[in-house]
Amino acid sequence: MAEKLLEIRNLKQYFNQGKPNEVRAVDDVSFDIYKGETLGLVGESGCGKSTTGRTIIRLYNATDGQVIYDGVDVHDKKSKKDLKTFNRKMQMIFQDPYASLNPRMKVLDIIAEGLDIHGLVKNPKERKERVVELLETVGLNREHADRYAHEFSGGQRQRLGIARALAVEPEFIIADEPISALDVSIQAQVVNLLKELQEEKGLTYLFIAHDLSMVKYISDRIGVMYFGKLVELAPAEDLYNNPLHPYTQSLLSAIPLPDPNYERTRVRKSYDPSVHNYQDGEEIAMREITPGHFVFCSEKESESLKAISNSRL
Amino acid sequence: MEKILEVKDLELSFHTFAGEVKAIRGVNFDLLKGETLAIVGESGSGKSVTTKAIMRLLPESSSEFKNGQILFNGKDLTKLTDKEMQKIRGKDISMIFQDPMTSLNPTMTIGNQIMEPILKHRKVSKSEARKVAVDLLRLVGLPKPEARIKQYPHQFSGGQRQRIVIAIALACNPQILIADEPTTALDVTIQAQILELMKDLQKKIDTSIIFITHDLGVVANVADRVAVMYGGKIVEIGTVDEIFYNPQHPYTWGLLSSMPSLDTAEEKLYAIPGTPPDLLSPPKGDAFALRSDYALKIDLEEAPPFFKVSDTHYAATWLLHPDAPQVEPPLAIVERMKKYPGSRYYEGTKGGSY
């Protein structure tokens, strides 16, 4: 297996900690991200997938746990200088291309903001040239540099968001539902662009989404979250062909496909957490069922899951 | 089946500072009683404008009916006065809006919002209206309706709010329900619940539904018939099977190919190149020609008429003209056609799934 780029160890993100309205948005989640791969993270709204992404990039300070990037803990106290070098390595593309671009700034300044902060360009001419280069990378052109965000369509704005993330030449990009707000035909354009960029620049992605068919298309591995917990983590094909956790099965059965014959026979499963019927003292953890395929379950369940997945093969 | 709504040669323009935007350029369709018609197309194709025109919700200061009729029970909705239209809107024809977060009034309790159309259109007392509202909330599957009726929209989740919006739309047992991307803002699990709810309700009260969406999976799930819109026109219309398994228009091919299906192998996703046409100065030929790999010379000269594929299936593309060259659709589309009896790629029942 490839080299680990990022290790997430027992990450916890609690809001309003200790108060009656405490929310355990991310509750003891561990996984690795390998260099050059795309890890998809799916789940319903409120399951903590975006919070996981935002905690990894330090938009929130983690309540507990570690995010180890290239051997260094991201959440350790750091000098300003260390933080700056770290920030260059990791960038984020946001969900809403309408809200994530400053309406009062020109595209040139939006994209160059990272360049300025990190001192990557020496003079205004070089700055402009670099921005134009980035615009061309994402399929826009020179004329777009002097416009404002409102002059662009949704797909174009998302391209701007991608150009901004690429400006500081990151290694790792967290894409938080980058295509949810876009039309189907435009979604395909943006997903293709992300894939091309990944091949060209060797990027690693954490791709957060609730559109499962797109996630399967872009991801190498997929993690499924439910109420702050990671419940299943598997190679993309494996997850779709052999979903083991009942929540994953319910999620997959809810996706409508563009195929009327399939739709007429699709039966939706619903997930009831009480099916597990866990006893006190039972240790519930991520267990490897088949190579690379992890499920959040008890020791007893893991045995029966192993049997099930063997019989499916 | 009985036609409940007929849209004939509808043309509508917006007057803007930049000039006249020809948003709808000759749209024709019928809506039958009890059916679900899905309208698909990308942003700016005119699908929302068409339905807002039916509801007469477009600003009169800037929009103009240029031509055509919208016949509902024999009445032309484009000719009605505002007063007459108010009697129909929310009663006979009602609408579910896209964004449940913004289509509810944050300063009114949801009870009052559901009671509003009931009090307006039915001759009932306030306490009876409240009873109806509670029943409606129960119908759409909201738990503890008696208590929740006193709450405000911010106290509900997105899926619950969409249920409330549906309850308001159903308050007067409408004959036509227009749903403008009712599930786009929701999660797959909530989406599945809402779609099931709408189908159940349709069975119970026999409403006709116009369903606007760009999610083709949802279309395959809910629709009886599908109209594909592009550049202010319907380019293809047919039953759901005809559109998904025997599409004829290159734009429909593009739409269907750009969705990754869960069983396709790794390959580059098909993306329709270019951008939608500028309706300030619409192209004179086929509006899709410039983005299409299948464009013929005539596509740039003259807009194609509707060619009949079957009694229920029509497509506006010159490719169906008897003199047109035979073209090979994209691979993903040929795969779909193989499953459909009546398409030229049909492979019979061998290896079929049914």
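Which residue in strand 12 of chain B does Glu236(B) stand opposite? In this predicted model, the residue opposite Glu236(B) is Ala315(B). Strand 12 of chain B spans residues 314-315. Strand 12 runs antiparallel to strand 10 of chain B, and 2 bridges join them.

Strand 10 of chain B covers residues 233-239. This strand is mostly covered, with 6 of its 7 residues buried. Strand 10 also pairs with strand 9 of chain B, residues 225-230. That pairing is antiparallel and extends over 6 bridges. Within it, Val226(B) has Gly238(B) of strand 10 as its bridge partner. Strands 9 and 10 of chain B form a hairpin with 2 residues between the strands. There, Gly231(B) adopts a positive phi near 55°.

Chain B also holds an open sheet of 4 strands. The strand order is 2-1-4-5, and the pairing is antiparallel. Strand 2 (19-32) and strand 5 (75-76) of chain B form the edges, each pairing on one side only. Helix 1 of chain B, residues 47-55, packs on this sheet. The helix touches strand 1, strand 2 and strand 4 (63-72) of chain B. Its direction makes about 75° with that of strand 2 of chain B.

Strand 1 of chain B comprises residues 3-16. Strands 1 and 2 of chain B run antiparallel and are joined by 11 bridges. One of the residues involved is Lys3(B), whose bridge partner in strand 2 is Leu32(B). In general, strands of a sheet pair through backbone hydrogen bonds, in either a parallel or an antiparallel arrangement.

How values were computed. Residues numbered from 1 in each chain as written. Chains lettered and ligands numbered in written order. Predicted model: local features only at pLDDT ≥ 70, side-chain atom pairs only at ≥ 80, totals over all residues. Pairing = 2+ DSSP bridges. Contact = placed C-beta atoms within 7 Å. Axes fitted to C-alpha atoms, helices over the stretch in contact; angles between N-to-C directions. Buried ≥ 20, exposed ≤ 12 C-beta atoms within 10 Å, placed from the backbone.
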